[in-house]
Amino acid sequence: MAYKPKAAGRLEIEIDRHREESNWKKVLELADQLSQRTTGFGKNETLVNFLIGESKLEQHLEQYAPNEQNIPKARTGLTDSKRYLQSCIGDQGRNLNLVTDAHLLLAKLLYAQGSYEESVSQIGEGGLDGLTRKQLSNRNLKIVAESFAVKGLCLEKIPLQTTSKNKAAERDEQIINCLVQAGELALRYLQEIERTQGHSGGSLPQLSSGATTSGSGSPLPPNTEYRVGYILETALQRAPIFLIRSG
């Protein structure tokens, strides 16, 4: 998953901390500082591109929830983020262990843009299914949880190219598995936040159906460490519907 320098300097450690806290404005500021370093510029350039792409994506989604109403905004507002993340899918990104993260974040971006089949394809490229067996940082744990949610929500949107009831049942089961996995990882993420950062709670806050459509609409507390975000909230709300439908 994400780049972890063998001998991380103060700046890299600080960047990692602000990524964990979803403080994207600060991440952008520190990425600019990193870009001004003259040593190892090729490495830094790829890492800077990743940090900019990630931050721009998350800032956009905090302002505009990834729903159908905001697809036009995502298609115009996420152009730069998409370009930066795509630049990390290559040899340099692979050397820095950024390729998986770039694929999964691109999948999230494409979901926001309404490109559901492309999103599922990016998730496949990222090798999502094998990541749950790895030891993940809190930030990567959230990325993986959101990726399962995105996959399930995308599969729900993609028309089934058959009238077979068996195929429809199989697809519903696949969606359920993705949404349930997303929920379990979201809970694990919150528990890890409590364990590592000392916040009280450790369980999923009660969700509200009164979310707004222009912003993130999160009914959760404003602590950045505690916000699971609109995508995971949506997955948690959709999972019971599919479980009831499947009996």
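A crossing of two helices is called left-handed if the near helix is turned anticlockwise from the far one by less than a right angle, and right-handed if clockwise. The exercises below use a predicted model, in which local features need pLDDT of at least 70 and side-chain atom pairs count only at pLDDT 80 or more, while totals for chains, interfaces and linings use all residues. Residues are numbered from 1 along each chain as its sequence is written, and side-chain values use heavy atoms, with hydrogens and water left out.

**Exercise 1. State how many helices and strands the chain has.**

Helices (H or I, at least four residues) and strands (E, at least two) are taken as DSSP runs and numbered from the N terminus. On this basis the chain has eleven helices and zero strands. Of its 247 residues, 49% count as buried, where buried means under 20% relative accessible area, exposed over 50% and partly exposed in between, with a 1.4 Å probe and protein chains only.

**Exercise 2. Describe how helix H9 and helix H10 are arranged.**

Begin with the axes, which are lines fitted to C-alpha atoms, for helices over the stretch in contact, with angles running from 0 to 180 degrees between N-to-C directions. The axes of H9 (residues 138-157) and H10 (residues 165-197) come within 8 Å and cross at roughly 160°. This makes H9 roughly antiparallel to H10, since angles under 35 degrees count as roughly parallel, over 145 as roughly antiparallel, 65 to 115 as roughly perpendicular and the rest as oblique. The crossing of H9 with H10 is left-handed. The contact of H9 with H10 involves 15 nonpolar, six polar and six charged residues, where Ala, Val, Leu, Ile, Met, Phe, Trp, Tyr, Cys and Pro count as nonpolar, Asp, Glu, Lys and Arg as charged, and the others, Gly among them, as polar.

Next, turn to Thr196, which is found in H10 and counts as partly exposed at 43% relative accessibility. Its C-alpha atom is separated by 9.1 Å from that of Asn138, although these residues are 58 residues apart along the chain.

**Exercise 3. Describe the packing of helix H1 with helix H2 and the loop between them.**

Helix H1 (residues 10-20) and helix H2 (residues 24-35) pack at an angle of about 160°, with their axes 9 Å apart, and are therefore roughly antiparallel to each other. Their crossing is left-handed. In the loop between H1 and H2 lies Ser22, which is buried at a relative accessible area of 12%. Most residues other than glycine have a negative phi, yet Ser22 has a positive phi of about 60°.

**Exercise 4. Find the aromatic pair and say whether its residues are buried or exposed.**

Rings of Phe, Tyr and Trp (its six-membered ring) pair if their centres lie within 6.5 Å; planes under 30 degrees apart count as stacked, over 60 as edge-to-face and the rest as tilted. The structure holds one aromatic pair. It is formed by Tyr111 and Tyr116, 5.9 Å centre to centre with 55° between the planes, and is tilted. Tyr111 counts as buried at 9% relative accessibility, and Tyr116 counts as buried at 15%.

To finish, consider Ser115, which has its place in the loop between helix H7 (99-112) and helix H8 (116-125) and is buried, with a relative accessible area of 19%. Ser115 and Ile158 are 43 residues apart in sequence and 9.6 Å apart in space, C-alpha to C-alpha.
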